[in-house]
Amino acid sequence: MEKRTLTLALMDPPYESANSTTALRIISAALDQGINVNVFAYEGAVCLPLKDQAPHANPVKGTSIDEEEHPTTKAFVSSLLAMGNDKPRLTWVNCGLCVDERGAANAVDGVRRGSPADFFKMVGESTNTLVIPTK
């Protein structure tokens, strides 16, 4: 049986819409099913794996950082990269132009810098491609 590969193009920044969370769930489900996954993060999505994200307390509810357990997308991305470290494989590429525009170069380990040419190559090598655009 031929190894299946899913490529996703993501554009939404973290915490702005359900698109990012949905994409991370799709990636997780594909890896769970043994499907290789390529991610090309474009525009604001290059901030999904940003190391500088920090959980926060919730003063409205009066909860501390520990009590709030605020998830960060960098933690989700790191977990997915750990899942897809070998077989199935997860490749995460951040658009370098978008990274530079947003000052988002400090990504978690396993994310590499690339260009739209990487996305073109990923699509050509994939069984299926899903583009999750912004609004």
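Glu43 counts as partly exposed, at 28% relative accessibility. Here buried means under 20% relative accessible area, exposed means over 50%, and partly exposed lies in between (1.4 Å probe, protein chains only). Glu43 sits in the loop between E2 and H2. Its phi is positive, about 50°, although Glu43 is not a glycine.

This is a predicted model, in which local features need pLDDT of at least 70 and side-chain atom pairs count only at pLDDT 80 or more, while totals for chains, interfaces and linings use all residues. Residues are numbered from 1 along each chain as its sequence is written, and side-chain values use heavy atoms, with hydrogens and water left out.

**Loops and backbone**

Tyr15 also has a positive phi, about 70°, and is not a glycine. Most residues other than glycine have a negative phi, and most peptide bonds are trans. Tyr15 belongs to the loop between E1 and H1. Its relative accessible area is 46%, so Tyr15 is partly exposed. The peptide bond from Lys87 to Pro88 is cis, with omega near -5°. Pro88 lies in the loop between H3 and E3.

Gly44 is in the loop between E2 and helix H2 (65–68). Not counting residues up to four places away in sequence, Gly44 touches Met11, Asp12, Pro13, Pro14 and Arg102. Contact means heavy atoms within 4.5 Å. Gly44 and Ile132 are 88 residues apart in sequence, yet 12 Å apart in space, C-alpha to C-alpha.

**The sheet**

Helices (H or I, at least four residues) and strands (E, at least two) are DSSP runs, numbered from the N terminus. Five strands, 5 in the order E4-E3-E2-E1-E5, form an open sheet with parallel pairing. Strand E4 (111–114) and strand E5 (128–132) stand at the edges, each with a single partner strand, so one side of each has no neighbour in the sheet. Neighbouring strands are turned by 20° against each other on average, direction ignored. Axes are lines fitted to C-alpha atoms, for helices over the stretch in contact, and angles run from 0 to 180 degrees between N-to-C directions.

Two strands pair if DSSP finds at least two bridges between them. Strand E1 (residues 5–10) is joined to E5 by 5 bridges, and the two run parallel. Leu10 has Ile132 as its bridge partner in E5. E1 and E2 also run parallel, joined by 6 bridges. Ala9 stands opposite Phe40 in E2.

In E1, 6 of the 6 residues are buried, so the strand is largely enclosed by the rest of the structure. Thr5, Thr7 and Ala9 point one way from E1, and Leu6, Leu8 and Leu10 the other way. Thr5 is buried, with a relative accessible area of 14%. Leaving aside neighbours within four places in sequence, the contacts of Thr5 include Ile35, Asn36, Glu125 and Asn128.

**The helices**

Helix H1 (residues 18–32) lies across E1, strand E2 (36–41), strand E3 (90–95) and E5. Helix H3 (residues 73–83) lies across E3 and E4. The table sets out their angles.

| Helix | Reference strand | Angle |
|---|---|---|
| H1 | E1 | about 170° |
| H3 | E3 | about 140° |

At 1.5 Å a residue, the 15 residues of H1 should span 21 Å, and its end C-alpha atoms are 21 Å apart, which agrees. The expected span is 1.5 Å times one less than the number of residues. The buried residues of H1 are Ser20, Ala23, Leu24, Ile27, Ala30 and Leu31. They cover an arc of only 125° around the axis, which puts them on the same side of H1. The arc is that of the directions from the helix axis to the C-beta atoms. Ala18, Arg25 and Asp32 are exposed on the other side of H1. The cover over the buried residues of H1 includes E1, E2, H3, E3 and E5.

Ser17 caps the N-terminal end of H1, with a side-chain oxygen 3.1 Å from the backbone nitrogen of Asn19. Just after H1, Gly34 takes a positive phi of about 80°.

In H3, the buried residues are Thr73, Val77, Leu80 and Leu81. They fall within an arc of 100° seen down the axis, so they line one face of H3. H1, E3 and E4 are among what covers them.

Methods: A polar contact is a pair of N or O atoms within 3.5 Å; within protein, one must be able to donate a hydrogen and the other to accept it, and residues adjacent in sequence count only if both atoms are side-chain atoms.
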